[in-house]
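Colleague: I would like to go through this model with you, one question at a time. Shall we start with the ligand?

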Amino acid sequence: MLNNLNVILLCAGKSSRMGLNLPKVTLAINGTSIVERTLTNIQKLNPKRIIVVVGYKKKLVINKVKQLDYQNIEIVDQKKQLGTGDAIKPALIKLNKNSQVLIMNGDTPFVTPKTLKKALKSFKSNSSDFLITISKLSNPFGYGRIVKDSYKNITKIVEEKNCTPDQRKINEVNSGLYICKSELLKNFIKKIKKNTNNEYYLTDLVEIFSKNNKKITSIIEKDENAFFNINSFEDLIKANQIDNNYFLENCLKKNINIHDPNSLRISTNVKLSSNISIGPNVYIDGNSVIEEGVNIVGNCYINNSVIGSKTLIKPFVSISDSKVGKNCQLGPFSNIRPQTELANNIKIGNFVELKKSIISDNSKIPHLSYIGDTEMGSNVNIGAGTITCNYDGFDKHKTVIEDRVFIGSDTMLVAPIKIEKGATTGAGSVISRNLPKNTLGITRIKEKMIPNWKRKPKVKK
Ligand code: UD1
Ligand code: CA
């Protein structure tokens, strides 16, 4: 734990530029809220305390924060939204004496722990009083500009609307992440004056510190997106793209082959191993885990599921809340419904639906079958058109199929039922009693043969 580090995260703003009646920090980028992303990154520094300032629709923000269950988070309330300089005030009372305070805007979700650590290191090694993180942007519009004197000392931050035409050309901007000594912050925050917009700007602190000969230092972030902040709905859409790009960069590092980045949607909590291939139109959601060497050909939906290494998923496969083992082959057109567990080397073919079933090693269900509430042994072969008749209109019943069973095509297995080791069923049978081991079960009307059969001639009208 960094014992003397306190963090203030500003999340109280009205988010008026969003055009939504929601605090922007609760909005999600690829499935994870902005506040969750920021807090997860901050938490990696292991700070003594994180003080989250809430205000506008605070319950919504508090709910998101509480879901994370971090023990070092405290919430404080900014009663009126009077600007970033005012938002700091309710947090001051919580600060540890002689601590370092890292202040961060709540709407910058891409700030990495690496950047935060770099800022802290620089603050300490330069014996700084106040550190500002600066981004160099090709288009600085909307950001506070960093103004320096002729000796290149930072003298103030000027917000977009207050810039002179010359200041507007400055492309070094304030990223919204600052580090300060707690006692200085407490003493100087009072000196910020209300501006003509009836707001207190935290950024005015820079000019105040400069005039009081405090040591202001800075670090420059080269990645233009690292401090991207979300003020409008358009920004939120752009943030999704930025997140996708970061994701794709990571994929390249891990040797993951994404055929069509534009049609891939992967939620933040999904874990991808290395050497994976993912084709077009794939959506992977929830806490899914895709292990090494998996090949997802395309047009697939995978939710909250584990896909074991070297498994091949052919087109049009849907897998939800299930576990697929190693070296399996699924699809095309397979539907793996919740609570299904496939062991290793299993083949599930076209138009096969599985639900709440456990299938052991080397078994095959290659075509046109429904297998539900079933426990299946290893080396089982299920013929085309097999159905486990698990529902009697009131209750669901279990089917047990033991090792090395061979189920003939178009067999109806009327549950509850047990097919013992090595048993066989004849094609087209309706099996409703338990089948002992190594037995053939067959239910068929005896086939008649009528020789010289003449079909009726067509009657002409
Ligand atoms: C701010 C900076 C600007 C900087 C930019 C970087 C100020 C005055 N300006 O502008 O220099 O370039 O961030 O992203 O600080 N908030 C509160 N209470 C309030 C107002 C805001 O908690 O009364 C919170 C918001 O929820 C948000 C953060 O403070 O998370 C920043 O507020 P925002 O209005 O987005 O500031 P910017 O205009 O982007
Ligand atoms: Ca902002």
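Colleague: How far does a backbone N or O atom of L10 lie from an oxygen atom of ligand 1?

Modeller: This is a predicted model, where local features need pLDDT of at least 70, side-chain atom pairs count only at pLDDT 80 or more, and totals for chains, interfaces and linings use all residues. Residues are numbered from 1 along each chain as its sequence is written, chains are lettered from A and ligands numbered from 1 in the order in which they are written, and side-chain values use heavy atoms, with hydrogens and water left out. A polar contact is a pair of N or O atoms within 3.5 Å; within protein, one must be able to donate a hydrogen and the other to accept it, and residues adjacent in sequence count only if both atoms are side-chain atoms. For the backbone atom of L10 and the oxygen of ligand 1, the distance is 2.8 Å.

Colleague: Which residue has a side-chain N or O atom 3.0 Å from an oxygen atom of ligand 1?

Modeller: Take the backbone first: an N or O atom there in N174 lies 2.7 Å from a ligand 1 oxygen. The side-chain atom at 3.0 Å from an oxygen of ligand 1 belongs to K24.

Colleague: How much of the accessible area of ligand 1 does the protein cover?

Modeller: Accessible areas come from the Shrake-Rupley method with a 1.4 Å probe; for residues, only the protein chains shown count as cover. On its own, ligand 1 has 760 Å². The protein covers 91% of that.

Colleague: How many residues around ligand 1 are there, and which come nearest?

Modeller: A residue is near a molecule or strand if one of its heavy atoms lies within 4 Å of it. The shell around ligand 1 holds 24 residues. Those that come nearest are L10, Q78, T84, E159 and N174.

Colleague: Which elements supply at least two residues of that shell?

Modeller: Helices (H or I, at least four residues) and strands (E, at least two) are DSSP runs, numbered from the N terminus. Two elements qualify: helix 3 (84–87) and strand 10 (172–181).

Colleague: What is the volume of the largest pocket?

Modeller: On a 1 Å grid over the protein atoms alone, a cavity is a set of points where a 1.4 Å probe fits but cannot get out, and a pocket is an open set with protein on both sides within 12 Å along at least five of seven lines; lining residues have an atom within 4 Å of a point. Grid points are joined across faces, edges and corners, and a volume is the space filled by probe spheres set on the points. The largest pocket has about 1600 Å³.

Colleague: Which residues that line the largest pocket are closest to its centre?

Modeller: The lining has 48 residues. Strand 10 gives the most, four residues. Closest to the centre are R17, K24, D107, N229 and N231.

Colleague: Which element gives the largest share of the lining of the second largest pocket?

Modeller: This pocket has a volume of about 1300 Å³. Its lining has 41 residues, with R37, D243, Y246, F247 and N250 nearest the centre. The largest share, 11 residues, is from helix 9.

Colleague: Where is P332?

Modeller: A cis peptide bond joins G331 to P332, with omega about -5 degrees. P332 lies in the loop between strand 24 (329–330) and strand 25 (334–336).
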